[in-house]
Amino acid sequence: MAISKQRKAELVAQYVQQLQQSQGIILADYLGLSMDDMDRIRHAMRPIGGKLQVVKNRLMALALKEVEKSLPEEWLIGPTVVSFCHDEVPPVAKALKGMAKDLGALRVKGGLVGTDVISAEQVRIIADLPPREVLLAHVLGTINAPASQLAGVVAGGIRQVLNVLQAYVDKLQESGSVPVVS
């Protein structure tokens with residue numbers, strides 16, 4: 001079924017808007033998925049800041065050109081669905097990877113993060129990243145480690161001096177030359 005030029009212009013404008021609002025996009029082949037499967041994927045995307053949309057390949061190519069981004073031409077062949085990552089890319093990649101594993105018919109082609117083209121393998125690697133909070137905790141732990149070690153060294157030195165002084169006081173008390181203070 002042919003669509004009008006006006007509708008094509010609307011779709012291109014919609015794709016451009018989605019591309020401008022996204023941190024990245026992930027493209028997949030959805031051949032063999034039912035509408036229920038597509039709805040499951042869309043429902044999984046919403047809470048994590050993703051939007052799944054079936055696209056017209058030629059119109060998506062025009063939208064990409066308009067926002068000065070490019071993808072390999074072979075990714076825009078056949079039935080294509082695009083996951084727009086409005087918040088962060090890793091949660092969307094993780095959801096797509098999980099759905100691809102469950103459904104079997106969903107095949108990730110690759111994507112864009114910013115202006116960088118990423119392969120399907122790189123999408124899988126991004127999907128395997130720990131959550132943002134865990135990564136931030138690792139970074140903060142790494143930054144905090146030298147300060148903690150320094151504090152431990154300084155406290156250890158003070159503790160040793162205090163132990164020597166306490167041993168000296170105990171020795172003097174045993175010899176009876178210093179009165180016991182309570």
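Mentor: Let's talk about helices, cores, one lysine and some charged pairs. This is a predicted model, where local features need pLDDT of at least 70, side-chain atom pairs count only at pLDDT 80 or more, and totals for chains, interfaces and linings use all residues. Residues are numbered from 1 along each chain as its sequence is written, and side-chain values use heavy atoms, with hydrogens and water left out.

Trainee: Okay, helix α2 then. Which of its residues are buried?

Mentor: In α2, residues 35-45, the buried ones are D37, M38, I41 and M45. Buried means under 20% relative accessible area, exposed means over 50%, and partly exposed is in between (1.4 Å probe, protein chains only). Helices (H or I, at least four residues) and strands (E, at least two) are DSSP runs, numbered from the N terminus.

Trainee: What covers the buried residues of α2?

Mentor: The cover includes β2 (50-55), β3 (80-85) and α4 (89-103). M45 touches, among others, L52, S83 and V92; contact means heavy atoms within 4.5 Å.

Trainee: How about α5? Which residues are buried there?

Mentor: For α5, residues 120-127, they are A120, V123, I126 and A127. Their arc around the axis is only 115 degrees, which puts them on the same side of α5. They pack against β1 (24-29), α4, β4 (107-113) and β5 (116-119).

Trainee: How many residues are in the largest nonpolar core?

Mentor: There are 23, and I26, I41, M45 and L106 have the most contacts inside it. The elements giving two or more residues to this core are β1, α2, β3, α4 and α5. Its largest share, seven residues, comes from α4. A second, separate core has 19 residues, including L11 and F84. By nonpolar core I mean a set of buried Ala, Val, Leu, Ile, Met, Phe, Trp, Tyr and Cys residues joined through side-chain atoms within 4.5 Å.

Trainee: New topic: K69. Is that lysine buried or exposed?

Mentor: K69 is buried yet has no salt bridge, and the nearest side chain of opposite charge, E68, is 9.9 Å away. Lys and Arg count as positive and Asp and Glu as negative, while His and the chain ends are not counted. A salt bridge is a side-chain nitrogen of Lys or Arg within 4 Å of a carboxyl oxygen of Asp or Glu.

Trainee: So where is K69 found, and what does its side chain reach?

Mentor: K69 is in the loop between α3 (57-66) and β3. Its side chain reaches the backbone oxygen of G114 at 3.4 Å.

Trainee: How many salt bridges does a search of the whole structure find?

Mentor: Five. One joins E10 and R7 at 3.4 Å, N to O, and both residues lie in helix α1 (residues 5-21), three residues apart, about one turn of the helix.

Trainee: Which residue does E121 pair with in a salt bridge?

Mentor: That's R124, with the closest N and O atoms 3.1 Å apart. E121 and R124 are three residues apart in α5, so they are separated by about one helical turn.

Note on methods:
The arc is that of the directions from the helix axis to the C-beta atoms. A polar contact is a pair of N or O atoms within 3.5 Å; within protein, one must be able to donate a hydrogen and the other to accept it, and residues adjacent in sequence count only if both atoms are side-chain atoms. Lists of a residue's contacts leave out its neighbours within four places in sequence.
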